[in-house]
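Opening the notebook on a new model today.

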Amino acid sequence: MTTYNISLLEGDGIGPELSECVYDVLECIHDKSTSLKFNISRVEAGDNAKLKYNKPLPDETFERIKNSQACLKSPVGESAADVVLVLRRYFDLYANIRPSKNYPNISSISKDVDLITVRENTEDLYLGWEFYADDDTVISLRKISRAASRRIAEHAFEIANSRKGKKVTIVHKSNVLRMSDRLFIDTSKEVAKRYPDIEFEEMYVDACAMELIRNPNRFDTILTTNLFGDIISDEAAQITGSIGLAPAANIGKDFGMFEPVHGAAFDIAGKNVANPTSFILALKMMFDWLGEKYRDSNLTSQSIKIEKAVDDLFSKNIKTIDIGGKLSTKEFNNKFISLLTDLGYD
Ligand code: ATP
């Protein structure tokens, strides 16, 4: 039996409601499983924390996250950059992984989509290197390095290798960004040579935005830079029905942070209507990552059960309001937990 130290960051807007849901799921697994135990550290960060402690990422929160093996991060509001970018940088979370797939009975513009976006997470315009050249002109600098391009390309090809589609589409804008995106593509092509069984294609980001709507089934693994990945993965999430279903993983060599793709959604905060599926599927991604890292098949099999329970709920038309159902956040989560319990914890 292994005990895993997990930090759970509560965030803003719908963040606390979603955290509560995932906490209940983890607690239930902890109570009922004989093989999996969790030490859950609930931590505050974001706008609420800034009001309370004068810092969006309080020292104690940071320390407790550092002492955990993985972090479940719910959405943060206006201070997101002061929390997420700091954590991504500190833990060198270089790969942002965002799966998008169709689930049963979820109305969407796509059918049978199952793709994954692998986004470089440490460079590009996200370094925030901006300055006024004069009173009316701002210059923003974009960084793309060979080393960061190589490790994200390797990550993407490893993921593609484990999937049925066995295809990588590299998304870029090298006709405009002639040096930076050329470096990204050339480095990716070098990596591609080591994976002769994986199909490899290039696509401009504007064409990709269009193809995701016109023919999303052509994609399996999308490999791209930071800003393009941010935009393309939101689009990929929406075409399968709702952003409330989309999880993301931020992966480094020694640490992982798992979160919903969406933001704090202040318009529906506190109303008990948010869809917790995005965070439940982020929990699944955390189990996959921890399972592989610690070679723990109990985590991997629990991850499969989480996805099956989500699938079964939607098959039975048990859904939250945003995707055409009737259930509140809490009601849906309780149904999810009871289905997961039926599937068993060992
Ligand atoms: P950000 O700017 O950080 O992306 P945002 O609040 O502008 O955040 P999102 O939170 O990503 O945008 O979401 C846009 C809209 O989608 C929200 O206003 C909300 O109505 C809806 N939404 C987002 N997440 C959920 C969810 N889990 N369940 C139901 N609806 C959601």
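My notes below go from the domains to their interface and then to the ligand.

**Entry 1: domains.** First a reminder to myself that this is a predicted model. I looked up the domain assignment, and it gives two entries for the protein chain: domain 1 (1–93 + 253–346) and domain 2 (109–239).

**Entry 2: the interface.** How many residues of domain 1 are in contact with domain 2? I get six, and they meet seven residues of domain 2. Which residues of domain 1 lose the most area to domain 2? They are Arg88, Asp92 and Val261, and together they make up 60% of what the domain 1 side buries.

Entry 3: I went through the interface for salt bridges, and the rule finds one between domain 1 and domain 2. For aspartate 92 I noted a salt bridge with arginine 151, where the closest N and O atoms are 2.8 Å apart. Asp92 was also on my list of residues that lose the most area. For polar contacts across the interface I have three residue pairs, both partners at pLDDT 80 or more. On the domain 1 side, the residues touching domain 2 split into three nonpolar and three charged, with no polar ones.

**Entry 4: around the ligand.** I listed the residues surrounding the ligand: Ile14, Ile243, Gly244, His262, Gly263, Ala264, Ala265, Asp267, Ile268, Ala274, Asn275 and Asp322. By class I count six nonpolar, four polar and two charged residues in that shell.

**Entry 5: ligand atom pairs.** Which side chain has an N or O atom 3.1 Å from a nitrogen atom of the ligand? That is histidine 262. One has a backbone N or O atom of alanine 265 at 3.1 Å. In the other, a side-chain N or O atom of aspartate 267 sits 2.8 Å from a ligand oxygen. Last, I looked up how much of the ligand is covered: on its own it exposes 600 Å², and the protein buries 58% of that.

Terms used: Residues numbered from 1 in each chain as written. Predicted model: local features only at pLDDT ≥ 70, side-chain atom pairs only at ≥ 80, totals over all residues. Heavy atoms only, no water. Domains from an automatic or database assignment. Contact = heavy atoms within 4.5 Å. Buried area = accessible area lost by both parts, 1.4 Å probe. Salt bridge = Lys/Arg side-chain N within 4 Å of Asp/Glu carboxyl O. Polar contact = N/O pair within 3.5 Å; in protein donor to acceptor, adjacent residues only side chain to side chain. Nonpolar A, V, L, I, M, F, W, Y, C, P; charged D, E, K, R; others polar. Near = heavy atom within 4 Å. Areas by Shrake-Rupley, 256 points an atom, 1.4 Å probe, with all protein chains shown as cover.
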